[in-house]
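Hi everyone, thanks for coming.

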Amino acid sequence: MKEILRITIALTLSCLIAATVMGLAFVMTAKAKKHNEDLYMQETMLGLLGYSKARPAPSDLRFYGVYRYIIADGDRRFLGYMVPVKRGGEQNYALVVMDLKGRFVETMDLSISPEAAGDAPEREKALRVALGPPKAVTYGDTTIIAKRGERRLAYLLPGSFPGFKTFISIMLALDPSFKVLGLEIMEHEEDPGLGAEIEEEYFKHQFKGKTFERIKTIDVVREPLPEQYKKYLERSTWQEGAFTEEEIEEIGRTYEDKDIYAITGATISSKSVSDGVRNMTKRFSYRMGSLDRVIASQGVEVLF
Amino acid sequence: MAARTKTNKELFFNGILNENPIFRLALSMCPAVGISTTVMNGLLLGMAVLFVQVFSSCTIALIKDYIHPRIRIPTYTLTIATWVTVIDLVLAAYVPVAYKAMGIFVKLIVAFAIITMRLEMFASKNSVTASFCDGLGMGLGFMFAMMTLGFVRELLGMGTVLGYDVLGFCPLLFFVLPSAGFFVVGLMMAMFNYIEIVYNRRKKVKR
């Protein structure tokens, strides 16, 4: 009995010490990690819009976050969009509430700074203050709207959907007519050499330039990827003069209306991504349409 | 406490040559086969193992007198897991580029046989300094083995070294596949054994 007690105490103590060490390491690195993630996100967003170190983003490029929440009031459900507005000369947020059919219900002023709005708990706190206790909010998703001057440049949609193994999270860039500007795979755990190929240029760049009409019915085909198209998609490996301007245009036109060529040996992963992109685009275009309509009819002075 | 028969310098080189974890002890074969596809992968994993091995060896050498003999192994595992987590967090926070490439490998280190084995065989019986040298030697030995394997496999499998095209063509794709890892490890073991035999024979002749 004494032995058992000693072993129990020794193990408990070791676990406590280990937990303390790991906890300390976590606390010390959490801030730097968050910063890295934000930086990576920012870089991805700029990359999808075609900006890089070699081609820096213009100074009048702005990103605005729109956050969708589901508001539960007893049995009734509403959609609440947190939209950036200009109030008193400074950027602030307002909540536009509509019912599930997209009919306007009300708008509320929120008081939250743009920095705090990037933080999920802060947002929920502000929402709870504005809505009052009986109503509960559930986070839906985020849309980032890129704006240059007075012109809407693109919608950036972070999203995730089930892949072959676990969730695949992506960032999708759409232009104002919902044409795909680009796709970036942020995180996934597909098999290396098979499903993991979704992050390769020859797969993800196939979505680039597909129009909204085409994306609505996009699917995968189990055919080998034509050699010339593969070269065209692998943009980062292009050497000087690999393609002439006319060739680029011609190849782009030839494959514009084609489905997505599935990765050999990873049809399921390929199909998950193409289905995911299709569903995200379809849902987003519907939601953005109703939000824009409500905003216009109510005269909400949004920043995007 | 077992009597120490080797100096710190001998302990250090022991891990790299005489008792090289992969080529001589044939431990931790899973990562050797699975991950040593390129020189860079070998180097990255080798460095992570080096840190975990040194830290764990020192920790166990420090607390060896307080470990209940019945729960040695759980304590070792706990120590290794703690250090792996710490290194994982630090890498993710301060070297995000390297972390992106080696993130999944780092978590696997918890299950590496070589680290537990060194704690059981060496660190739990020796002083902190000796354990440090042993850990450093073993870690470097592992890194050296992984890089050698990576070099052979990358060169033969993809025709490149550290990502630079050297051969200009791709001789045998087979070498980057996991099964080829066994072949390369076997061949390298044979080579090291042969070198040792020749070396010992020469020494005898000299005498």
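This is a predicted model: local features need pLDDT of at least 70, side-chain atom pairs count only at pLDDT 80 or more; totals for chains, interfaces and linings use all residues.

**A walk through chains A and B**

Let's start with chain B, whose secondary structure comes to eight helices and two strands. Residues are numbered from 1 along each chain as its sequence is written, and chains are lettered from A and ligands numbered from 1 in the order in which they are written.

Okay, back to chain B. Going from the N terminus, its elements run α-α-α-α-α-α-α-β-β-α. It has 207 residues, and 40% of them count as buried. Buried here is a neighbour count: 20 or more other C-beta atoms within 10 Å of the residue's own, while 12 or fewer is exposed and in between is partly exposed, with the C-beta atoms placed from the backbone. Now take contacts in chain B between residues at least 6 apart in sequence: 76% of those join residues at least 24 apart. A contact means that two C-beta atoms, placed from the backbone, lie within 7 Å.

Let's zoom in on two helices of chain B. The axes of H6(B), residues 113-123, and H7(B), residues 128-158, come within 11 Å and cross at roughly 150°. That makes H6(B) roughly antiparallel to H7(B). For the cut-offs, under 35 degrees is roughly parallel, over 145 roughly antiparallel, 65 to 115 roughly perpendicular, and the rest oblique. The axes are lines fitted to C-alpha atoms, for helices over the stretch in contact, and angles run from 0 to 180 degrees between N-to-C directions.

Which residues of H6(B) and H7(B) meet? On the H6(B) side they are B:Ile114, B:Arg118, B:Phe122 and B:Ala123, and on the H7(B) side B:Ser131, B:Asp134, B:Gly135, B:Met138 and B:Phe142. By class, the residues of that contact are five nonpolar, two polar and two charged. Nonpolar covers Ala, Val, Leu, Ile, Met, Phe, Trp, Tyr, Cys and Pro, charged covers Asp, Glu, Lys and Arg, and the others, Gly among them, are polar.

You'll find B:Ala26 in the loop between H1 (8-16) and H2 (29-35) of chain B. With 14 C-beta neighbours inside 10 Å, B:Ala26 counts as partly exposed.

Now over to chain A and its sheet. It's an open sheet of eight strands, in the order S4-S3-S2-S1-S5-S6-S7-S8, with antiparallel pairing. At the edges are S4 (104-110) and S8 (180-187), each pairing on one side only. Two strands pair if DSSP finds at least two bridges between them.

Let's follow some of those pairs. S1(A), residues 61-73, is joined to S2(A), residues 76-87, by seven bridges, and A:Asp73 stands opposite A:Arg76. Two residues sit between the strands of that hairpin, where A:Gly74 takes a positive phi near 65°. Next, S2(A) is joined to S3(A), residues 90-99, by ten bridges, with A:Leu79 opposite A:Met98. That's a hairpin with two residues between the strands, and A:Gly88 in the turn has a positive phi of about 60°.

At the other end, S7(A), residues 167-174, pairs with S8(A) over six bridges, and A:Ala173 stands opposite A:Gly182. The loop between S7 and S8 of chain A holds A:Phe178. A:Phe178 isn't a glycine, but its phi is positive, near 65°.

What does A:Leu127 touch, leaving out residues up to four places away in sequence? A:Tyr69, A:Leu95, A:Leu110 and A:Val137. A:Leu127 lies in H3(A), residues 120-131, and counts as buried, with 23 C-beta neighbours inside 10 Å.

Last stop: where chain A touches chain B. The contact takes 15 residues from chain A and 15 residues from chain B. On the chain A side, those are ten nonpolar, three polar and two charged residues. That's my tour, thanks!

Terms used. Helices (H or I, at least four residues) and strands (E, at least two) are DSSP runs, numbered from the N terminus.
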